[in-house]
Amino acid sequence: SHDQNIDETRITRSMGAPRVDALPLPSLLAELAQLGVPPLSQPAQLAMRDSAEAYAAAHAQLVRSLAIEWSGRDPEAPPEPEPASPQEQIQKAMELGAQEMRRASDTEFIERRFGAWRRAPEAYVQLESALLDGVAQAISIGAAEAEAAALQGAVATLRARRALAVEQGLMKSSGRPSSLDMGGYAASLDLRSIVASTPLASADKTAAAGALAGYEQALAALLAQRREAAVEIERAQQLSAAIALRQFTSGQDGDAAPDEALVAALERARTRADEAMSLGQAVGARLEQWQTAQSDALLAALTPAGRSRVAAALTRARHPTVARDSTSADPQIARAMSMVESDDALLQAVISVAGEYQSAYDAIFARLVEADAARQAAVADLTAASTKSPPDEVAVEAARARRSAATREVTRLRTERSELNARTLRALRTALGSTFGQEIADLPPRRPGPRVSAAAPGPAAGTAPGVPSAASPGWSLRSS
């Protein structure tokens, strides 16, 4: 399945077709185990394998058919021979350019290719449903009646998750409509995944499960509305451009009068594009409001300690680009504490450096979040203004200016954060002295990577606020 996914990814990314990754059998079994399904009997394993093999074959066929429908060519067809001479290369380039020009003005081709986007979601959901029908039958083999009912509940939960995975997968397709950016961070936010990846007490896990009951189904429905609006926006805009191109080429013959049918068709296409954009913006706003309400309800259901952890994770999820910090001094602080935990004087010196670092880091991170929020708002305004038909040039320029200003501020604050990390490393080595200081590694070069923000859980029992437990071998104030 892994090799198949790699091959299908190569095909669809090169062609821009809508695509959702297949669910490999090991991942399927792991999901079932997380939902409480016990180890399967031998007959059940064989039945599960048969269902997974049939699913993999059907998935490959669906990916290929969507690629053909989207691009108009078969991804498995043998490639044409490369032109040998420069003249042949020029001729080939001209032929390809002419083909693209014809397709750009071919409204029937545009309708066919967007048919792939309209067909893909239901086709992928049906594929997942067929797989889970087989799963439901397989895990019921040899199970008692009461046990079988519980197992079917696990499958129902998995159905909801896979329906959401289809929408999330389509959002990542290389040929995805650009209007899918409507909704900002809310579209990529998955509260269930955030809760699953955040260390929580059992009481908080139970409370979170109750607060998020039905979350996957509701999110999948909202993402589907957003996708439908984005596809319609893209389709209407491409049809509008195609009709405008045909109108332009038809008017190249002297002083011929404009084709009234084309003029009317262009007006209708632009009207559809504007209506679809208004609908898409409304769906995006509704998605943001719903995610905010769900987040508030989740946080309200948790204990103070759990609320702190999940709130920190939510901040990182909403601002992933500024949450990453590969040059963080956290690993060096953790290393220092583990080395000197038996030396009270050195430990207190390290704690002092760490406390100052956390306070300064929190302040910078708060400003980074504010700047990133301004950047996200500017990007949303830019998308809305630029996708109007015709674009609102004044609003576009204003949004670009705000985006540029916010991006510059994010860059400046990232530099300030890197400088803080470097100063902290020097202070840490000084506090440790020459013997221990030389054992603290240099900061890694700056590169993209996950970064945990400073909004962290409370200190260990028996310690002062903001001070890690001396018994802990690691630096815990900025981990969650």
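**Notebook: salt bridges**

I looked up E216 and noted that, at 9% relative accessibility, this residue counts as buried (under 20% relative accessible area, with exposed meaning over 50% and partly exposed in between, for a 1.4 Å probe and protein chains only). I am working with a predicted model, where local features need pLDDT of at least 70, side-chain atom pairs count only at pLDDT 80 or more, and totals for chains, interfaces and linings use all residues. Residues are numbered from 1 along each chain as its sequence is written, and side-chain values use heavy atoms, with hydrogens and water left out.

Next I asked which side chain E216 meets in a salt bridge. I found R161, at 3.7 Å from N to O, where a salt bridge is a side-chain nitrogen of Lys or Arg within 4 Å of a carboxyl oxygen of Asp or Glu. Since E216 lies in helix 10 and R161 in helix 6 (residues 145-171), the pair ties together parts that are 55 residues apart in sequence; helices are DSSP runs of H or I with at least four residues, numbered from the N terminus. I noted R161 as buried too, at 17% relative accessibility, and I saw that E31, R161, R192 and E216 are linked in a network of salt bridges.

I then turned to E111 and R235, whose side chains meet in a salt bridge at 2.8 Å, N to O. This pair links distant parts of the chain, with E111 in helix 5 (residues 107-139) and R235 in helix 10 (residues 215-250), 124 residues apart. I recorded E111 as partly exposed at 29%, whereas R235 is buried at 12%.

Finally, I searched the whole structure and found 18 salt bridges.

Technical notes: Helix = DSSP H or I, 4+ residues; strand = E, 2+ residues; numbered from the N terminus.
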